[in-house]
Amino acid sequence: MTKVLAIRAPGRDQGEFVLTSLHEAAEKKRIELDDIALVSHDPDGKLELHKTSGRFHRNKIDDAILKRMGELVASPDAIVLAKGDDATIDAVGERVRALTGGDLKTYEVADGELHEVTGTDGSIALPDEEGLLREAAVDLPAPTGIMVKMPLS
């Protein structure tokens with residue numbers, strides 16, 4: 001089964017950050033998504049749909065859903081949509097809630113409607129106390145030269 005997750009951001013900049021984060025996670029093979037899109041409004045209130053341009057190819061998010069999300073979100077808010085298998089979408093939603101402390105509202109999209117899932121988990125805490133440190137450390141380069149301990153004067 002595939003599921004669509006909607007992440008409401010308080011502005012287009014934050015929505016673009018969420019979209020970029022999901023793209024990077026997919027490119028680094030941390031998650032596997034069928035499609036990702038950003039729905040927002042321009043300063044004049046015109047609906048803007050930022051699709052992945054066929055980047056993920058498997059199961060695209062239906063244009064009717066994207067337009068419906070545009071009707072449900074008011075400017076300056078933005079909605080990032082991610083489509084994938086149930087387990088992946090549930091894990092992404094849990095991670096968003098954990099990293100933002102529930103500040104970014106998350107929804108499941110079903111029948112063109114948003115069903116809020118923010119805070120429905122028993123806990124939004126990371127499973128381990130050093131999860132963020134470990135995740136950030138993945139890209140830190142390891143020293144390759146000789147390290148010498150010496151006193152500073």
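**His41.** I looked up the burial of His41 first: its relative accessible area is 16%, so I logged His41 as buried. The model is a predicted one, and I read every value below with that in mind. His41 belongs to strand 2, which covers residues 35-41. I then asked which backbone oxygens the side chain of His41 reaches. One is the oxygen of Gly45, at 3.2 Å. Another is the backbone oxygen of Gly70, which lies 3.2 Å from a polar atom of the His41 side chain. For contacts I left aside neighbours within four places in sequence; His41 then touches Lys46, Leu47, Glu48, Gly70, Val73, Ala74 and Ser75.

**Strand 1.** I checked how strand 1 (residues 2-9) sits in the structure. Of its 8 residues, 7 are buried, so the strand is largely enclosed by the rest of the structure. I next looked up its pairing. Strand 1 runs antiparallel to strand 4 (residues 78-85), with 8 bridges between them. In this pairing I found Val4 opposite Lys83 of strand 4. Strand 1 is also joined to strand 5 (residues 105-110), again antiparallel, by 5 bridges. There Leu5 stands opposite Glu108 of strand 5.

**Salt bridges.** How many salt bridges does the count give? I get 8. Side chains of opposite charge can pair when their charged atoms come close. I went through several of the pairs one by one.

Arg8 and Asp77 form one, with the closest N and O atoms 3.6 Å apart. Arg8 is in strand 1 and Asp77 is in the loop between helix 2 (63-72) and strand 4, so this pair ties together parts 69 residues apart in sequence. Is Arg8 buried or exposed? I have Arg8 as buried, since its relative accessible area is 19% and the limit for buried is under 20%. Asp77, at 22%, is partly exposed.

Arg12 and Glu48 form another, at 2.7 Å between the closest N and O atoms. This pair links distant parts of the chain, with Arg12 in helix 1 and Glu48 in strand 3 (residues 47-51), 36 residues apart.

Glu113 and Arg68 also meet in a salt bridge, 2.8 Å from N to O. Glu113 lies in strand 6 (residues 113-116) and Arg68 in helix 2, so parts 45 residues apart in sequence are tied together. I noted both as partly exposed: Glu113 has 34% relative accessibility, and Arg68 has a relative accessible area of 25%.

I also logged a network of salt bridges that links Lys3, Asp90 and Glu108. Glu108 was already in my notes as the residue opposite Leu5.

**Arg12.** I went back to Arg12 for its surroundings. It lies in helix 1, which spans residues 12-27. What does Arg12 touch, not counting residues up to four places away in sequence? The list is Ser40, Glu48, His50, Pro76 and Ala78. For Ser40, 28 residues from Arg12 along the chain, I noted a C-alpha separation of 6.4 Å. The side chains of Arg12 and His50 are joined by a polar contact of 3.4 Å.

Key:
Residues are numbered from 1 along each chain as its sequence is written. This is a predicted model: local features need pLDDT of at least 70, side-chain atom pairs count only at pLDDT 80 or more; totals for chains, interfaces and linings use all residues. Side-chain values use heavy atoms; hydrogens and water are left out. Helices (H or I, at least four residues) and strands (E, at least two) are DSSP runs, numbered from the N terminus. Contact means heavy atoms within 4.5 Å. A polar contact is a pair of N or O atoms within 3.5 Å; within protein, one must be able to donate a hydrogen and the other to accept it, and residues adjacent in sequence count only if both atoms are side-chain atoms. Buried means under 20% relative accessible area, exposed over 50%, partly exposed in between (1.4 Å probe, protein chains only). Two strands pair if DSSP finds at least two bridges between them. A salt bridge is a side-chain nitrogen of Lys or Arg within 4 Å of a carboxyl oxygen of Asp or Glu.
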